[in-house]
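This report describes aromatic packing and the helix contact that accompanies it. The sequence and the structure are shown first.

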Amino acid sequence: MFLIVAKYLIPKGYKGLTVFPFVFVKYPLDKENKVLVNHECIHLRQQMELLLLPFFIWYLLEFIIRLIQFKNIDLAYRNISFEREAYINEKDLYYLKQRSFWDFLKYIVL
């Protein structure tokens, strides 16, 4: 993992962005935020499992489905299976040590 500060790359309202093998954070202090870094490392694992292009295709398709479902951008984003897994487990700094392959599938809500 390469942790890089990139203030202008991160969309407004967010603190991090992951594109394997890079984790981008908005501010230098965010590099010390263990919960944020863990959240983004969960995304790294998801991207490694699906490979980069399939991950982003799935992410976009699920976002569109959730947007139709919830009619709200923030709710759609937070209900993407990848984000649900990352948000639910971001405070568990040992999560990735015991996480099973393709565990994000547990977080798909119909």
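In this predicted model, Phe 56 is partly exposed, with a relative accessible area of 34%. Phe 55, by contrast, is buried at 2%. The two rings form an edge-to-face aromatic pair, with 4.9 Å from centre to centre and 85° between the planes.

Trp 58 is partly exposed, with a relative accessibility of 28%, whereas Phe 82 is buried, with a relative accessible area of 0%.

The two pairs are set out below.

| Aromatic pair | Centre to centre | Angle between planes | Geometry |
|---|---|---|---|
| Phe 55 and Phe 56 | 4.9 Å | 85° | edge-to-face |

The structure holds 13 aromatic pairs. The residues of both tabulated pairs belong to one aromatic cluster, formed by Phe 55, Phe 56, Trp 58, Tyr 59, Phe 82, Phe 101, Trp 102 and Phe 104. Elsewhere, a charged side chain meets a ring: Arg 78 lies over the face of Tyr 87, at 4.2 Å from the ring centre.

**Packing of H2 and H4**

Two packed helices are described by the angle and the distance between their axes. The axes of H2 and H4 come within 9 Å and cross at roughly 95°. Because angles of 65 to 115 degrees count as roughly perpendicular, H2 is described as roughly perpendicular to H4. On the H2 side, the contact is made by Phe 55, Trp 58, Tyr 59 and Glu 62, and on the H4 side by Ser 81, Phe 82 and Glu 83. By class, the contact comprises four nonpolar, one polar and two charged residues.

**Burial of H4**

Which residues of H4 are buried? They are Ser 81, Phe 82, Glu 83, Glu 85, Ala 86 and Asn 89. Ser 81, Phe 82 and Glu 83 are also the H4 residues that take part in the contact with H2. The elements covering the buried residues of H4 include helix H1 (34-50), H2, helix H3 (73-78) and helix H5 (95-98).

Terms used:
Residues are numbered from 1 along each chain as its sequence is written. This is a predicted model: local features need pLDDT of at least 70, side-chain atom pairs count only at pLDDT 80 or more; totals for chains, interfaces and linings use all residues. Side-chain values use heavy atoms; hydrogens and water are left out. Rings of Phe, Tyr and Trp (its six-membered ring) pair if their centres lie within 6.5 Å; planes under 30 degrees apart count as stacked, over 60 as edge-to-face and the rest as tilted. Buried means under 20% relative accessible area, exposed over 50%, partly exposed in between (1.4 Å probe, protein chains only). A charge sits over a ring if NZ of Lys or CZ of Arg is within 6 Å of the ring centre and within 35 degrees of the ring normal. Axes are lines fitted to C-alpha atoms, for helices over the stretch in contact, and angles run from 0 to 180 degrees between N-to-C directions. Helices (H or I, at least four residues) and strands (E, at least two) are DSSP runs, numbered from the N terminus. Angles under 35 degrees count as roughly parallel, over 145 as roughly antiparallel, 65 to 115 as roughly perpendicular and the rest as oblique. Contact means heavy atoms within 4.5 Å. Ala, Val, Leu, Ile, Met, Phe, Trp, Tyr, Cys and Pro count as nonpolar, Asp, Glu, Lys and Arg as charged, and the others, Gly among them, as polar.
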